Amino acid sequence: LARDLKHERRVAIKVLHGDLTRQPEVVGRFMREAEATSVLQHPHIVGVLDINQVPDGRPYIVAELLEGEQLGDYLDRKGKLSVEEAVAICRPVCQALAAAHAKSIVHRDVKPENVFLVGKGSARTVKVLDFGISRVGDAAAANLTKTGMVMGTPAYMPPEQARGSRVDHRADIYAVGALLYE
């Protein structure tokens, strides 16, 4: 939690832990999240305001501060949702993913913990988080995720992703279906 003095707002800062900077794949995923999210200006995707490095070289992301709760926590607390509420939550997730897909970004880890509910009732906004294992375009992820490597959350991934095959935007659609079912 920090204060952006220039714009007089509270922001969230995500800094990669120093021990993790010695693991190129972790740094790569962190930077992938920063890059993917920063190009996605959408009301249902957490906004990235800055990407940089602290003086010791660790990368950081400055993002909008979200106040609310993860969908996973909300489901644990509320239990089964009405069809109307489930659709009201999943529709903005679909809109966010459509914006990502339009820029050739596949999230690959859509799950309740990566959906954030800001506010309550009719004022509630839904935000998609964590593009850390996203795939940008066709070749950009080749060094981070190889065919045969399984990344994501098994309960929400399509069989192709679970087998370690390359996936496209349909993996996110499958995950939203699993999310809606839950």
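Here is a friendly conversation about the structure above.

Trainee: What kind of model is this, and how are residues numbered?

Mentor: This is a predicted model, where local features need pLDDT of at least 70, side-chain atom pairs count only at pLDDT 80 or more, and totals for chains, interfaces and linings use all residues. Side-chain values use heavy atoms, with hydrogens and water left out, and residues are numbered along each chain as its sequence is written, starting from 1.

Trainee: How many helices and strands does the chain have?

Mentor: Helices (H or I, at least four residues) and strands (E, at least two) are DSSP runs, numbered from the N terminus. Along the sequence they follow the pattern β-β-α-β-β-β-α-α-β-β-β-β-α-α. The chain has five helices and nine strands.

Trainee: What percentage of the residues in the chain is buried?

Mentor: Buried means under 20% relative accessible area, exposed over 50%, and partly exposed in between (1.4 Å probe, protein chains only). The chain has 182 residues, and the buried share of them is 41%.

Trainee: In what order do the four strands of the open sheet lie?

Mentor: Two strands pair if DSSP finds at least two bridges between them. Strand E2 (residues 9-15) runs antiparallel to E4, with five bridges joining them, and strand E3 (residues 48-53) is also antiparallel to E4, over five bridges. The four strands form an open sheet with antiparallel pairing, in the order E1-E2-E4-E3.

Trainee: Which residues stand opposite Ile61 in E4?

Mentor: Strand E4 (residues 59-64) is mostly covered, with five of its six residues buried. Elsewhere in E4, Tyr60 has Asn52 opposite. For Ile61, the residues standing opposite are Lys14 and Ile51.

Trainee: Which residue takes a positive phi in the hairpin of E3 and E4?

Mentor: This hairpin has five residues between the strands. The phi in question is near 95°, and the residue is Gly57.

Trainee: Is Asn114 buried or exposed?

Mentor: Asn114 sits in the loop between strand E6 (105-106) and strand E7 (115-118). Its side chain reaches the backbone oxygen of Asp109 at 2.8 Å. Because its relative accessible area is 6%, Asn114 is buried.

Trainee: Which residue forms a salt bridge with Asp109?

Mentor: A salt bridge is a side-chain nitrogen of Lys or Arg within 4 Å of a carboxyl oxygen of Asp or Glu. Here the closest N and O atoms are 3.5 Å apart, and both partners are buried. The partner of Asp109 is Lys111.

Trainee: How far apart are the closest N and O atoms of Asp168 and Arg170?

Mentor: Asp168 counts as partly exposed because its relative accessibility is 25%. Arg170 counts as exposed, at 56%. In their salt bridge, the closest N and O atoms are apart by 2.7 Å.

Trainee: Is Arg22 buried or exposed?

Mentor: Arg22 forms a salt bridge with Asp19, their closest N and O atoms being 3.2 Å apart. Asp19 has 44% relative accessibility, so Asp19 counts as partly exposed. At 63% relative accessibility, Arg22 counts as exposed.

Trainee: How many salt bridges does the structure hold?

Mentor: Side chains of opposite charge can pair when their charged atoms come close. One of the salt bridges here joins Asp168 and Arg170. The number of salt bridges in the structure is nine.

Conventions: Polar contact = N/O pair within 3.5 Å; in protein donor to acceptor, adjacent residues only side chain to side chain.
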